[in-house]
Amino acid sequence: MIKLFRKDFILHKKFVLGVGLVYPLYIGYMGSRIGRTTLLPVLCAFLYVIVPFVLFGREDKFKAETFTLSLPVTRREYLRARFLLSWILMLLMFAAGSLLMAVVPGAKLPAATVFGPRMVLSSLAFIAVYFGLLMPLFVRFGQAGLLVFLVVLQVTGVLLMVFRSSVGIGLIKTLFRLVPNAVAEIQAAFGPAPAVFAVLSLLALFSYGSFSLSLALFRRKEY
Amino acid sequence: MDCALEIKDLSKSYSPSGRLTRPAPDSAGSGGGFHLNEVSFSLPRGYIMGLIGPNGAGKTTIIKLILNLIRRDGGEIRVLGLDNIAGEMEIKSRLGFVHDTPFFYEHLTLADVRKTVAPFYRDWDDACFRRLAEEFELPLGKRFKTLSRGMKMKFALAAALSHKAELLILDEPTSGLDPVFRRELLRKLSAFIQDEGKSVLFSTHITSDLERIADFITFIRGGRIVFSSPRDRILGAWVVVKGGPELLAAENRPLFKGIRQSACGVHALTAEADEARRRFGREAIVETATLEDIMFFMSKGNGHA
């Protein structure tokens, strides 16, 4: 695992350092302009998730995977390193971005809200969901997987709008609030700690599912 | 026999839309697809095997299958006594490779590429790498993308030879190399197998290289093995018969593996040297066939009906 991290660091160090300095500034400023607690995690999580895929896209561009996979490394180990590296990068971006959001003068949300458990948990949830959906698509389609993801989002949006006009907004809201409501009920019944544990467990399960699917696709990939 | 590589009934198919191979007209393609058909051969430890065949015959596919870069449809591959999938890590750490297109991280310097590669091998010998880099005149401070194909190949070779590999798998390593370095490489490979138990699988179009160093030759055409035998046996058995049209008499045709007719006469290839000398010794010229002759006559359009 360490050797794969080391390879990625040598391969991307200038890019990572450049992005690591500039990108959180951008997210921090943009996030500070958002005043809605529901919108902030949805938008920012996507910006955090993009970072590892830009990195992996560079390796795709150099066609260097053929070379890497000829080295003594299994596909499982290679993919596990990618998942871990992605999470490290996304969490670092999340931490830096949130910190900047809170300290930018005139920020629309107070630091207590930005770092509140609800915001942190929902940001983590969106990061996990976006990443968990994107990774199998990236493994299967390479950089075009990002486009597939965006197209799927657009189509889903259109379908929801159609659905909304035919069955009303109530059902869609119910569907969207299914998980938050379940978490709220757990919190009401057992307290905040079990609720947080339930959310994190759900995210871990989802990520594991994404890893398993990605690995199955990766094992089928030919070079 | 102790084998460095054993391939048994290996098969692999691509659909016509398969993006991995573009079979040449003389390839395994049928209806535009590609089929590697129950390929079997083995390379004993301590020897060099040359893998030859026309473009699209399946040489690179076999090498990619050995390295588990593509999935086999059937058959078995054992490398250094281990299944190439179950023992992937162990095998790859004891194996050196050079791909036909040396893809590395193009924007890195050679020194940086070395830093990324070395930790993957438990037996990486940095002193050996530096010695080879010096010998091959590799500019370690230069970016990979600025190098010629020949220099990139040299770097790939230096990396492959620097971790005490027991088996070298080289896909067209001499293409793009100047004749001086080609000879040097062949000398290196001969020296490499002097160390007991080390072996080389070497795919190439430059058959003269193999005539110099290979102990075994495997000829693949259209996804099928035509022969896999010791070089001396092949060069002793295969001859080209040069004569007039009388060579094409019906009773002679079954003897020939390939025929070429021109205004100058008839040239025909056979794997039965003794029989050819007995039959045509007086009326035709019987010459030992080179590997290039064999490839040429056995290619589509030159074989007899």
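Reply: A residue counts as exposed when its relative accessible area is over 50%, and as buried when that area is under 20%, with partly exposed in between. The model is predicted.

Me: What is the phi of Glu137(B)?

Reply: Most residues other than glycine have a negative phi. Glu137(B) is not a glycine, yet its phi is positive, at about 55°.

Me: Which residues gather in the patch of positive charge on the surface?

Reply: One of them, Arg143(B), belongs to the loop between helix H4 (126-135) and helix H5 (149-160) of chain B. Arg143(B) counts as partly exposed because its relative accessibility is 35%. The patch draws on chains A and B, and its residues are Lys14(A), Lys61(A), Arg143(B) and Lys145(B).

Me: Which helix gives the largest share of the nonpolar patch?

Reply: The patch covers about 760 Å² and is made by Phe163(A), Val167(A), Leu171(A), Leu175(A), Phe176(A), Leu178(A), Val179(A) and Leu202(A). At least two residues each come from helix H7 (144-167), helix H8 (169-176) and helix H9 (178-190) of chain A. Leu171(A) is in helix H8 and, at 41% relative accessibility, counts as partly exposed. The largest share is three residues, and the helix that gives it is H8(A).

Me: Why do the buried residues of H9(B) line one face of the helix?

Reply: Helix H9 of chain B spans residues 273-280, and its buried residues are Ala273(B), Ala276(B) and Phe280(B). They line one face because, seen down the helix axis, they fall within an arc of 60°.

Me: Which exposed residues does the face of H9(B) turned away from its buried side carry?

Reply: The buried side of H9(B) holds Ala273(B), Ala276(B) and Phe280(B). The face turned away from that side carries the exposed residues Asp274(B) and Arg278(B).

Key:
Residues numbered from 1 in each chain as written. Chains lettered and ligands numbered in written order. Predicted model: local features only at pLDDT ≥ 70, side-chain atom pairs only at ≥ 80, totals over all residues. Heavy atoms only, no water. Patch = residues over 30% accessible without salt bridge, like charges linked within 9 Å, V, L, I, M, F, W, Y side chains within 5 Å. Areas by Shrake-Rupley, 256 points an atom, 1.4 Å probe, with all protein chains shown as cover. Salt bridge = Lys/Arg side-chain N within 4 Å of Asp/Glu carboxyl O. Lys, Arg positive; Asp, Glu negative; His and termini not counted. Charge placed at Lys NZ, Arg CZ, Asp CG, Glu CD. Helix = DSSP H or I, 4+ residues; strand = E, 2+ residues; numbered from the N terminus. Buried < 20%, exposed > 50% of the residue type's maximum accessible area, 1.4 Å probe, protein only. Arc of directions from axis to C-beta.
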